[in-house]
Each structure stands twice: as C-alpha cells, then as structure tokens.
Amino acid sequence: MKYYILAGEASGDLHGANLMKALFKEDPEADIRFWGGDLMQNVGGTLVTHYKERAIMGFVEVLLNLKKALNFIKSCKKDIAKYNPDVIIFIDNSGFNLRIAKWAKKNNFKTNYYISPQVWASRPGRVESIKRDIDNMFVILPFEKDFYSKFNYTVNFVGHPLIDGIEGRKQVDEHEFRKKHHLGSKKIIALLPGSRKQEISKMLSVMLSLTDDFSNYQFVVAGAPSQSYEFYKEFIKNKNVSFISNKTYDLLSISYAALVTSGTATLEAALFKVPQVVCYKGSNIEYQIAKRIITLDYISLVNLIMNKEVVTELIQNDFTKEKLKQELFRILDSTHREQLFLDYFDLEKVLGGKGASEKTAKLIVDGLKND
C-alpha cells in the first residue's frame with residue numbers, strides 16, 4: 001500500500017522514522033513518500049521536502065513568512081494528489097497538517113494522525129474540525145484520551161515513542177565520551193536551549209550566564225541537528241562551556257543536571273532521570289497572545305502528564321539569571337533530587353510502556369486491510 005507521511009521538526013523526523021520502520025515490518029511492500037528529515041530518509045521511501053526548508057516558528061514569524069507557508073501547502077496538496085496514497089499519516093505539526101487534512105478529507109483521502117495537536121492546551125474548538133477531517137487519531141499522552149472523550153471522539157492511546165527511542169539506544173561509554181569531547185571529570189550540567197534560532201537566541205545567553213557561579217561543574221551545550229556550530233559560536237565564545245552537536249541522548253545519559261527549553265526535551269531529560277529546570281521565553285507579543293489562548297496550569301510535558309509540579313518552570317519574566325541560579329542550586333541538592341527521581345519513575349509508568357510505533361503501525365495497516 002501507499003503511505004504519505006507529513007512530519008516537521010527534528011522530533012517529528014525521529015518519530016516518523018520509527019513509525020516507518022514499524023510500517024515496513026507490518027507491510028514489507030509499503031511504498032512511502034514523506035515530508036520529514038534525515039532520519040526518515042535513512043529508513044527508506046522518498047523524501048519530498050526536508051523540515052529544515054520550512055522551519056517557521058511563532059505567531060509573528062508565521063505572519064512575516066505567510067507567502068512561503070502558503071506555497072508549501074499548495075505544493076504539498078499537488079504532490080499528494082499526484083501520488084494518490086492509500087492513507088495520509090500526519091505527525092504533530094498542527095499548523096501545517098490540519099490545513100492539509102481539511103483538503104485531504106474533502107478529496108476522499110484516508111487520514112490518520114499520529115501524535116495529536118495540542119488542542120488540550122489552546123483552542124479546544126479545533127476538536128470539531130479534527131473529528132471531521134481525521135479518520136483515526138493515535139495519541140501518546142495518557143490524558144489525551146480522556147480529553148477527546150469529552151467531545152465524543154474515540155482515539156487510540158498507544159504510549160509514548162520516546163520510551164522506545166531511549167530504551168533502544170546503545171549505552172554510551174562515559175569514559176570514552178568524555179575523552180572524545182574533552183569534557184574532563186567534573187559533573188556535567190547539560191544546556192538544551194531548543195532547536196530553532198529564535199529559541200536558542202533567547203534562551204542560551206541566560207543559561208550561560210551561570211557558568212562562573214558553578215565552576216565546579218562542566219557546562220555542555222547540546223547543539224541541535226538543525227543548526228550549525230557557527231550559529232552557536234557567538235553565544236559560547238569566552239565562556240567555560242563545551243559544545244556537542246547532535247548527541248543529546250548520549251549527553252543526557254551522563255549528565256548530573258540540565259537546563260531545558262520547554263518542549264519534548266523536558267520529557268527526554270525526565271526519562272533519562274536527569275534533574276532539570278524548565279525554561280521558556282518568547283517575544284513579548286507572542287507571550288501576550290499565548291497567555292490569552294493557552295489554558296494550562298503548566299507548560300512542560302512532565303508536569304502536564306503528572307498533573308502536578310514535578311519540575312520547576314521559569315517562564316517569560318521569571319526566566320532570569322537570579323531565579324535560574326536559585327533553581328539550579330535546588331536541583332543539585334540531594335534531598336530534592338531524591339524526590340525528583342521518585343516522580344520520574346512514576347512518570348514512566350503513566351506513559352504506558354514500550355511499543356508506541358509498533359502499535360500505531362499495526363492499527364494503521366489493519367485499518368487499511370479492513371476497508
């Protein structure tokens with residue numbers, strides 16, 4: 001059968017790649033065409049557009065790049081129509097994917113969605129369009145099933161794919177890793193400033209302002225695969241900090257603590273059992289808009305899933321050197337760390353265990369066979 005997969009960003013590329021592997025197991029003759037990244041391309045199939053080409057973030061940037069965004073939507077519809085797949089699989093990336101889904105449903109394509117748009121965070125009214133345009137929804141957060149049930153929409157909870165990605169990785173040799181990257185013997189504080197230039201520009205300078213206050217620790221910036229070292233160089237020059245690109249999991253596996261920009265990375269740090277402070281700062285106009293449409297008590301996935309404050313969140317005006325310094329001291333304290341570890345283990349249980357990609361692939365293929 002023919003599968004058309006739409007993924008954006010590095011995380012979508014990761015989950016898309018694992019889903020593709022599972023699809024090929026369920027359907028060895030699968031013909032897969034996709035929008036994604038290097039990881040998906042390494043699995044097989046045909047890459048149409050790389051996510052790096054269309055990285056647009058935030059309300060303001062979308063408005064400034066509206067023509068570019070509309071052109072991508074137009075070309076995507078044209079390519080789908082030409083390919084004529086048996087099913088379109090959307091992965092997260094709601095701003096783009098829900099627009100394609102509306103068109104696809106009108107044109108009688110079968111639509112599946114893996115990793116739900118965060119409609120539980122803002123604009124729950126979008127659920128009605130999701131019910132209309134998406135045939136099958138596969139969710140990865142346990143509370144999403146209950147959320148959708150309030151709208152009389154039945155979805156499948158498949159567990160979180162990060163569990164597989166983290167458990168299945170090869171254990172890093174800490175001695176060799178430190179030696180290769182010249183890290184010395186100090187305990188490591190990982191800095192995860194995000195993957196997009198706008199995020200990194202706002203987050204990294206404040207994170208790096210702590211290096212002199214914690215000289216007994218080795219700070220290491222986790223470089224995103226979507227950005228070159230040249231971009232980071234201006235931030236890290238003259239700082240007591242190391243830089244390692246595209247090795248975030250290896251870095252987290254040997255880290256003592258982490259400062260993490262809100263997003264999937266907060267959950268990754270928790271699954272690696274790394275005490276963390278969650279950080280976020282956007283432009284003032286974006287923050288004011290977001291504050292009016294987002295109805296959540298928390299922004300980090302860790303706290304949302306556990307429905308309590310497990311990790312501290314420093315958002316917008318609270319994201320200052322003074323408060324970040326205070327919270328970093330706190331997660332380095334042994335008593336607080338013990339409670340964090342207990343909460344992290346509970347989090348992993350709630351997430352539903354292994355096999356998210358395999359469960360989703362089987363449901364998709366069985367759904368097509370039964371049509």
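The second largest pocket is lined by W120, F143, D146, F147, K150, L296, D297, Y298, L304 and N307, where a pocket, on a 1 Å grid over the protein atoms alone, is an open set of points at which a 1.4 Å probe fits, with protein on both sides within 12 Å along at least five of seven lines, and a lining residue has an atom within 4 Å of a point. This is a predicted model, in which local features need pLDDT of at least 70 and side-chain atom pairs count only at pLDDT 80 or more, while totals for chains, interfaces and linings use all residues. Residues are numbered from 1 along each chain as its sequence is written, and side-chain values use heavy atoms, with hydrogens and water left out.

About 240 Å³ of space lies in this second largest pocket, the volume being the space filled by probe spheres set on grid points that are joined across faces, edges and corners. Its lining divides into six nonpolar residues, one polar and three charged, and helix α7, residues 142-149, contributes the most to that lining, with three residues. Helices here are DSSP runs of H or I with at least four residues, and strands are runs of E with at least two, numbered from the N terminus.

Turning to the sheet, seven strands form an open sheet in the order β3-β2-β1-β4-β5-β6-β7, with parallel pairing, and two strands pair if DSSP finds at least two bridges between them. The edge strands are β3 (46-50) and β7 (156-157), each of which pairs on one side only. Between β1 (residues 2-7) and β4 (residues 87-91), which run parallel, there are five bridges, and Y4 stands opposite I88 in β4.

How many salt bridges does a search of the whole structure find? The search finds 14, a salt bridge being a side-chain nitrogen of Lys or Arg within 4 Å of a carboxyl oxygen of Asp or Glu. In one of them the side chains of E9 and R196 meet at 2.1 Å, N to O. E9 lies in helix α1 (residues 9-26) and R196 in the loop between β8 (187-192) and α10 (197-208), so this pair ties together parts that are 187 residues apart in sequence. R196 is buried, with a relative accessible area of 19%, whereas E9 counts as partly exposed at 29%; buried means under 20%, exposed over 50%, and partly exposed in between, with a 1.4 Å probe and protein chains only.

Methods
Ala, Val, Leu, Ile, Met, Phe, Trp, Tyr, Cys and Pro count as nonpolar, Asp, Glu, Lys and Arg as charged, and the others, Gly among them, as polar.
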